[in-house]
Amino acid sequence: MGLNIEGQIEKVNGKELSYEEFVERYLEKNQPVVLTGLMDGWRACSDWVTVDGQPNLHFISSHFGKSKVQVADCGRREFTDQKRVEMSVSEFIRNWIQFSSKEYSNPSNCEGDDQSLLYLKDWHFVKEYPEYAAYTTPLFFCDDWLNLYLDSYNMHMDPDTSQVKNEINCSDYRFVYMGSKGTWTPLHADVFRSYSWSANVCGKKKWLLLSPSQCHLVFDKHMKSSVYDIFDDVSESKFPGFKKAIWLECIQEQNEIIFVPSGWYHQVHNMEDTISINHNWFNAYNLSWVWKLLLKDYNEAKEYIEDIRDICDDFEGLCQRNLAVNTGMNFSDFFTFITRFSIANLIQLHSLVKDYGKHIYDSSSATHHLISNLTSIKKVALNMKSMESFSGNSGLLLDVTEVLEEPDFMKLCLALDRIYGILRDEQWKHSSDRKETMKLDFGDLYFIEDSCCKVSCPNDLIRLITYVVTNLGTKFSNANFSLT
Ligand SMILES: O=C(O)CCC(=O)C(=O)O
C-alpha cells in the first residue's frame, strides 16, 4: 500500500504577500508554504545555471572547486542518516559528471551499479565566500536569531578546554545542496526543531511533509527511532502507526522557495539535477520548540546514564556535556543565547521609544514585534524556571555590564538593528508618515544595568525583561506596554 497523500502545499506569490501576512498565516500557525517570485536577481541563479537550466558544474568547479564539503552517499545508511564522506567540490563534480555520462550511455545499467549516488549537503557557502553574494535572504526569513547569533558568537564552548565543538559544522546554518536526479534526504525533522527555507536555484524537488500532530505515527512503539525511508517497505510490526500517517506533498520547481515549519517531518527527493540554498532558523515564534526539544533530549541523556549516577562526581555536568554533543547546545548555551537576545531586544526597544516616543503609535507594529519577542523569551524562561538544573548554584552567570561591553554583542546588536530596520521599512512602506532613521544608542544603557546586573537564572531574566519594559513604558508615557 502506498502513502496516504491528502494534500498539496499552497503556492503563493511572495511579491504579493506582506511580512505581517506571512507571520500571521505561516510563522504563527506553523504551516508550510511555497513562495514564488522571491529569487529575482540572485547571482546564483545566473552564475550557477546554464542557459538550458542545468547546474553549471564547470562554473562551480572552476570557482569553488577547492572547498572541502560533506557528501552523502544516498545508497548507504549510517545510523539515522546517510553515510557521509568529505571531499573537495571538484572531486564531487568529477564524480557527478562521470555518473551522468554512464547513465546517459547505458541507463539500464545504472540500477544496482556499484557507483554511489552522491549528494553534496550542508555546504557553508556564505561563511566560506562572504564576498561573493550568491543571494539575498528574502525578507520573510530575515528575523533569524540563530544565524545572527552565530555570526557573533559560538553556540557551545567546551568548558574544560574553552574549545568550540565541531567548529566548521556549527559555524552557521546557511547551506548549499547539490545533487543529481535521484539523490534524496531521508525522513527527519530539522535541527533544534528550527524553521527552514529551501530555494531551488535549478532543478525540481519532491517533498513529503508530515504535520507535528501526526509525527508519533512514524515512530516505533517506544518513540525511540523513526522511519528512515517512507518509500521503503516499512515494517508494520516495528512502526505500527505508519500506515495511518497523512502526508502533504509538494513538487517544488526552479525559483520556488519552500518554507518548512518547526517539527514537521519531511523526506526530500531530487527529481532532476538540482542546486538549492537552504537555511535553518528560529526566532520568537518558534523559540518554545527549541526549548521543548532541548528538554526532551536532556531527559533522554539523563535516562541513558542513570545507572552510573551514584558513581558520578558531577552527574548533572555529564548530562549537560552529552546534551551539547548530541543536540548542539545545552541549557547553559540556550540560556546565554536568550539572555543576550533579550538585552539586544531591550536596546532596540529603548532606541525605538526614544526616537519615536512622540508618535509611538505610528511605530506600533515595530514596538509590537519587540514586545512579542520579549514575551516569547519570558514564556520560555518561565518554563525553564522549574528545572532543577537552574536551581542553586547552576554555574550560570551573565554579567550584564560585561555583555554590554563585549565587541561581539555590539556586532549582534548592529546586525539585529539592520534587519529590524529593513522590517520596519517594509511595514511602513504604505504609510504616508515621514520615515526617520532610528539611532541605535549605546550611550545611555544604564537603565539595563540598573535593573539587574547579574543574570544567573531564568527568574533573573524574567525580572530584567519586566523591569526594563515597564520602566520604558512609564518614561515615555505614549507607549502602552503590557507583558502578559
Ligand atoms: O533538499 C534536501 O535534500 C533536504 C533539505 C531539508 O531536509 C531541509 O531543508 O530540512
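## Around the ligand

The shell around the ligand splits into six polar, three nonpolar and two charged residues. Here Ala, Val, Leu, Ile, Met, Phe, Trp, Tyr, Cys and Pro count as nonpolar, Asp, Glu, Lys and Arg as charged, and the others, Gly among them, as polar. This is a predicted model: local features need pLDDT of at least 70, side-chain atom pairs count only at pLDDT 80 or more, and totals for chains, interfaces and linings use all residues. Numbering runs from 1 along each chain as its sequence is written.

The residues in question are Tyr177, Thr185, Asp190, Ser196, Ser198, Lys205, Val260, His266, Val268, Ser276 and Asn278; being near means a C-beta atom, placed from the backbone, within 6 Å. At least two residues of the shell come from each of β9 (195–202), β13 (265–270) and β14 (274–281). Helices (H or I, at least four residues) and strands (E, at least two) are DSSP runs, numbered from the N terminus.

## The nine-stranded sheet

Nine strands form an open sheet with mixed pairing, in the order β2-β3-β12-β9-β14-β7-β6-β4-β5. β2 (11–13) and β5 (81–88) sit at the edges with a single partner strand each, so one side of each has no neighbour in the sheet. On average, neighbouring strands are turned by 25° against each other, direction ignored; the axes are lines fitted to C-alpha atoms, and angles run from 0 to 180 degrees between N-to-C directions.

β4 (residues 68–78) runs antiparallel to β5, and eight bridges join them. Strands pair when DSSP finds at least two bridges between them. Val69 has Met87 of β5 as its bridge partner.

## Two helices

In α3 (residues 57–64), Leu57, Ile60 and Phe64 are buried. They cover an arc of only 75° around the axis, which puts them on the same side of α3; the arc is that of the directions from the helix axis to the C-beta atoms. The face turned away from that buried side carries His58 and Ser62, both exposed. Buried means 20 or more other C-beta atoms within 10 Å of a residue's own, exposed 12 or fewer, and partly exposed in between, with C-beta atoms placed from the backbone.

α6 (residues 145–152) buries Trp145, Leu146, Asn147, Leu148 and Tyr149. These pack against β7 (174–179), β14, α9 (331–356) and α12 (407–427).

## His124

His124 lies in the loop between β6 (118–123) and α5 (125–128). Why does His124 count as partly exposed? Because 19 other C-beta atoms lie within 10 Å of His124.

Not counting residues up to four places away in sequence, His124 touches Ser171, Asp172, Arg174 and Phe175 (contact: C-beta atoms, placed from the backbone, within 7 Å). His124 and Arg174 are 50 residues apart in sequence, yet 5.9 Å apart in space, C-alpha to C-alpha.

Key: Two residues are in contact if their C-beta atoms, placed from the backbone, lie within 7 Å.
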